[in-house]
Amino acid sequence: MSRWARIGSTLFVLLLLLVALVPGWLAPGDPLAIDPAEAFQSPSPAHPMGTDESGRDVLTRVVHGARDSLVIGIAATALGMGVAIVLGTAAALSPRWLDAGILRLLEALYAIPSLLMALLIIAFTGPGVGPAIVAVGLSTAPGYARLVRSQIRTLRHSEMLQAATVLGRGTLLRVRNHLVPNALRPLLALITLGVGQAVIWASALSFLGLGTPPPAPEWGAMLAAGRTYLHLAWWMSLFPGLAIVVVAAGATMIGRALGGKVNAA
Amino acid sequence: MGTLRWAAGRVGGALVVLWLVATAIFIGVRLIPGDPAEAIMGGPGSQASAEALAAARADYGLDEPLRVQYLMFLGKLLRLDFGTSYALRDPVLGIMGQVLPQTIVLSLLALLLAWVLALVFAAASLRATRVGAVLGNAVEIIAAAVPHFWLGAVLIMVFSSTLGWLPAVDNGTGAGLVLPVLTLALPLAGFLTQLMRDSLSTALASPFSLAARARGDSRLQVFWRHGLRHAALPALGMTGWAFSSLLSGAVVVEAVFARPGLGRALLSAVLSRDIPMVTGIALFSAAIYMVVMALTEGIERALHPAGVDS
């Protein structure tokens, strides 16, 4: 990772965290405050990103939406990675037939396109933020699990582990202290890329009306509302979408700087 | 490994996968709290009539033991009987026959366009200056980070609302397909360009390219004969993944452009919790993915027979 990439990505993450943790610092207004007299204002000094159909300030809503989008993206990735670590580790350490069975299962899950899988899960759970996290998380898990499995398999016969065995460490201890941490380090870049993708998928679910319900300031939900007024108020659609692009592109750049390759997951 | 054995393994694997997907759905329906008949009919909020519930019970054999229900369910799927959509009151298979071609055409066109764009960009980036390379890099990253639903909205704003060049809604002519295909293709093109550029530059820098140049081939000949083939292989291997991501994207694109299709049908089935419809679409898309995977693997075997087994 070059020096400039490191500085740039550190600044980006800090800014994003700041926006997510104290949105009021950047946008002091109330993201839900309705003012019908101010509806459909185009961008101006008073409303840099314009106002929506109820007169709510789009900039305020975009800033306040960062937390929801990030929380969903990170939680979904964490859930997917957690499931992947359990499945991948179990597969790699199992006897051959069980390993083959788990691989088949992962292939089965991988065979359903991610968004379709997410929709499938929501068909059973019903819409909402929680289901969106579960849906996005589980639909990314099979890809991660295959990577965890191959990482662990290459590490399994390393000298480090032989040493741990000779020292008499138990199986659980070896898996927890040596295998999992060392298998995860190369996956760090992919996790970063994954958070960016999860933010996109989660906002897609909200856009389709299956994630965060309106009037919460979520980027995908804002785009869904803006769609109706596309010819009337382009700013309602442009800015929430730009926010998604910035976060996803930022995550991609950090992931690539960490040495990750896109779509390996 | 013989071709026949490979094909048999592929078909067998696909059947196992479809069986697993079907089983997961069967378990899922039973995990929904409350009466499974009500769940099939769209959940407790659907206020299904007593006759409709009785029909669903008989249809799914819900008073039989679980083991029998499961076998009945699989038996019906084997006969391609996915049941009747409760929201649309038509056989699921018939509805899918109507919507599937729309989505397949959309996805295939997008796949083709993404490939052409990626090849052009990858080839162009070979001759790019330093500034051009940085710019190209940025465009790729952004293209891959743009969500379909936003790109679709922006394209409508620019080409339909402002310039008035293209219709936002399909009017029966081919023009209505342009914006949806572009929306679906651009993010994928971003991914594929990243992939192709790496392998293209590696191939053109390797000894066999130099040897071909030394034999007197022109740069263009080397590019066509050697570079392209090496750039295509890894991207071809990703076709299964690409197609699967296109099907995901189609759900969103069909919603944005109000097009009929598999994604749109799935979305409305999920919103009305139309389980028979959801089951049919899930199995169908898994089957499509399997077919695409088998096809790309077949093409890879034909292009590069030695590399497949290693």
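How many helices and strands are there in chain A?

View 1. Chain A has 11 helices and zero strands, where helices (H or I, at least four residues) and strands (E, at least two) are DSSP runs numbered from the N terminus. Its C-alpha atoms fill a box of roughly 75 × 45 × 25 Å along the principal axes.

**View 2. Burial and surface of chain A.** Of its 265 residues, 51% count as buried, that is, under 20% relative accessible area with a 1.4 Å probe, protein chains only. Chain A exposes about 11800 Å², of which carbon and sulfur atoms supply 68%, by the Shrake-Rupley method with a 1.4 Å probe.

**View 3. Helix 5 of chain A against helix 13 of chain B.** The axes of helix 5 (residues 114-125) of chain A and helix 13 (residues 275-303) of chain B come within 11 Å and cross at roughly 160°, and the two helices are therefore roughly antiparallel (an angle over 145 degrees).

**View 4. Residues at the contact of these two helices.** Leu116(A), Leu120(A), Ala123(A) and Phe124(A) of helix 5 of chain A meet Ile275(B), Val278(B), Ala282(B) and Ser285(B) of helix 13 of chain B, contact meaning heavy atoms within 4.5 Å.

Residues are numbered from 1 along each chain as its sequence is written, and chains are lettered from A and ligands numbered from 1 in the order in which they are written. In this predicted model local features need pLDDT of at least 70, side-chain atom pairs count only at pLDDT 80 or more, and totals for chains, interfaces and linings use all residues, while side-chain values use heavy atoms, with hydrogens and water left out.

Definitions and conventions
Axes fitted to C-alpha atoms, helices over the stretch in contact; angles between N-to-C directions. Parallel < 35°, antiparallel > 145°, perpendicular 65-115°, else oblique. Buried < 20%, exposed > 50% of the residue type's maximum accessible area, 1.4 Å probe, protein only.
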